[in-house]
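Thanks for coming. I have one structure to go through today, so please look at the sequence and the model while I talk.

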Amino acid sequence: MSGATGAGGATGGLAGGPGGTAQQPYGGQTPPPPPSAPPAGGFSQPTTYAKGQPTPPRGTRVPGAPGAPGAPGHGGGQPRRPGPPPSGGGGTGRTRKARLRITKADPWSVMKVSFLLSLALGVIIIVASAVLWMTLDGLGVFSSLSGTLKDVTGSGSDSSGAFNLMDYIGFGKVMLFTTLIALVDIVLMTALATLAAFIYNSAAGFTGGIELTLAEED
C-alpha cells in the first residue's frame with residue numbers, strides 16, 4: 001500500500017502543473033522559452049536551442065522588420081540602380097593623351113605598301129596623259145602647231161621636206177613613253193621606300209625613333 005501510494009504521488013507530481021496542464025520532458029531537458037519580439041534592427045536575438053534541434057543561420061532577418069527584403073519602404077525587393085554620373089566641367093569631354101614612339105618599320109610591309117602606291121600612281125599618270133592628249137587634240141592644238149611648223153620649214157606647196165610634229169607626239173608614242181615612265185616610277189619608288197625603312201631602323205636604334213603624341217576625346 002505504501003509503494004502504490006508513492007508511485008501515485010510521483011505520477012501526480014509529473015502530471016500536475018499550473019492550470020492542470022501536464023508538462024512533458026523535451027529530450028530530457030526543459031523546452032526552450034518562446035522567442036521574443038524582433039528588435040528594431042531587423043535581426044533576431046541569439047536563442048539557446050536544445051541538443052538535436054536545428055538552428056537557423058546566423059544573422060537571419062525577421063520577416064516584416066524594417067530593412068528586410070519585402071518590408072514596407074524597402075523598394076519592393078528590387079535592387080537600387082546607381083544614378084547617372086555627375087557631369088563635370090560644364091559638359092565638355094576630357095581629352096586623354098598618349099606619347100608613343102615608332103621604334104621599327106618592317107621593311108617587308110613598307111615594300112608592299114610602297115609597291116601598291118607606286119602602281120596606283122603609275123596608272124594615274126597613264127590615264128592622265130591619255131586624257132590630256134585627247135583634250136588637246138580635240139581643241140585643235142596639235143593641228144595648229146603642225147600647220148605653223150610646216151609653213152616655217154616647208155618650201156611653198158611642196159611639203160615633203162617639211163617638219164611633221166605628229167611624227168613625234170602622236171598618241172601611240174605618247175602612251176608608250178608614259179608607260180615607260182610609269183614602270184620606272186614603280187620600281188624606283190618601291191626600292192627607295194624599302195631602303196628608307198632599313199635606314200630608319202638603323203637610326204631608330206640610336207635615337208629611339210620618332211615620338212608621336214596621340215589625343216583621344218571622351
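**The aromatic cluster and what surrounds it**

I start with F142, which counts as buried at 8% relative accessibility; buried means under 20% relative accessible area, exposed over 50%, and partly exposed in between, with a 1.4 Å probe and protein chains only. Before going on, note that this is a predicted model, where local features need pLDDT of at least 70, side-chain atom pairs count only at pLDDT 80 or more, and totals for chains, interfaces and linings use all residues. Residues are numbered from 1 along each chain as its sequence is written, and side-chain values use heavy atoms, with hydrogens and water left out.

Back to the rings. A pair of aromatic rings is described by the distance of the centres and the angle of the planes. Rings of Phe, Tyr and Trp (its six-membered ring) pair if their centres lie within 6.5 Å; planes under 30 degrees apart count as stacked, over 60 as edge-to-face, and the rest as tilted. The structure holds 2 aromatic pairs. In one of them, W133 and F142 are tilted, at 5.3 Å centre to centre and 35° between the planes. W133 is buried as well, with 13% relative accessibility. W133 and F171 have ring centres 5.2 Å apart and planes at 65°, so this pair is edge-to-face. That pair links distant parts of the chain, with W133 in helix α2 and F171 in helix α4, 38 residues apart. F171 is partly exposed, at 35% relative accessibility. Together W133, F142 and F171 form one aromatic cluster.

Next, the overall layout. Helices (H or I, at least four residues) and strands (E, at least two) are DSSP runs, numbered from the N terminus. The protein has 4 helices and 2 strands, and from the N terminus on the order is α-β-α-α-α-β. Of its 218 residues, 13% count as buried. Contact means heavy atoms within 4.5 Å. Among contacts in the protein with a separation of 6 or more, 65% come from residues 24 or more positions apart.

Now helix α2, which covers residues 107-138. What span should its 32 residues have? The expected span is 1.5 Å times one less than the number of residues. For α2 that gives 46 Å, and the end C-alpha atoms are 46 Å apart, which agrees. The buried residues of α2 are P107, S114, S118, G122, A130 and W133. Their cover includes α3 (141-153) and α4 (171-207). After α2 comes G140, with a positive phi near 80°.

In α3, look at S146. S146 is buried, at 8% relative accessibility. Leaving out residues up to four places away in sequence, S146 touches N164, L165 and M166.

Accessible areas come from the Shrake-Rupley method with a 1.4 Å probe, and for residues only the protein chains shown count as cover. The protein exposes about 16900 Å², and carbon and sulfur atoms supply 66% of it. Patches are made of residues with over 30% relative accessible area and no salt bridge; like charges are joined within 9 Å and nonpolar side chains (Val, Leu, Ile, Met, Phe, Trp, Tyr) within 5 Å. One nonpolar patch of about 710 Å² is made by F115, L116, L119, V123, V127, V131, M134 and F171. Which helix gives the most to it? That is α2, with 7 residues. M134 is found in α2 and is partly exposed, with a relative accessible area of 49%.

Last, the salt bridges. A salt bridge is a side-chain nitrogen of Lys or Arg within 4 Å of a carboxyl oxygen of Asp or Glu. By this rule the count comes to 3. R96 pairs with E216, the closest N and O atoms being 3.2 Å apart. This pair links R96 in strand β1 (residues 95-102) to E216 in strand β2 (residues 210-217), 120 residues apart. R99 forms a salt bridge with E211, with the closest N and O atoms 2.2 Å apart. R99 lies in β1 and E211 in β2, so the pair ties together parts that are 112 residues apart in sequence. E211 also forms a salt bridge with R101, at 3.3 Å between the closest N and O atoms. Through shared partners, R99, R101 and E211 are joined into one network. Of these, R99 is exposed at 63% relative accessibility, while E211 is partly exposed at 34%.
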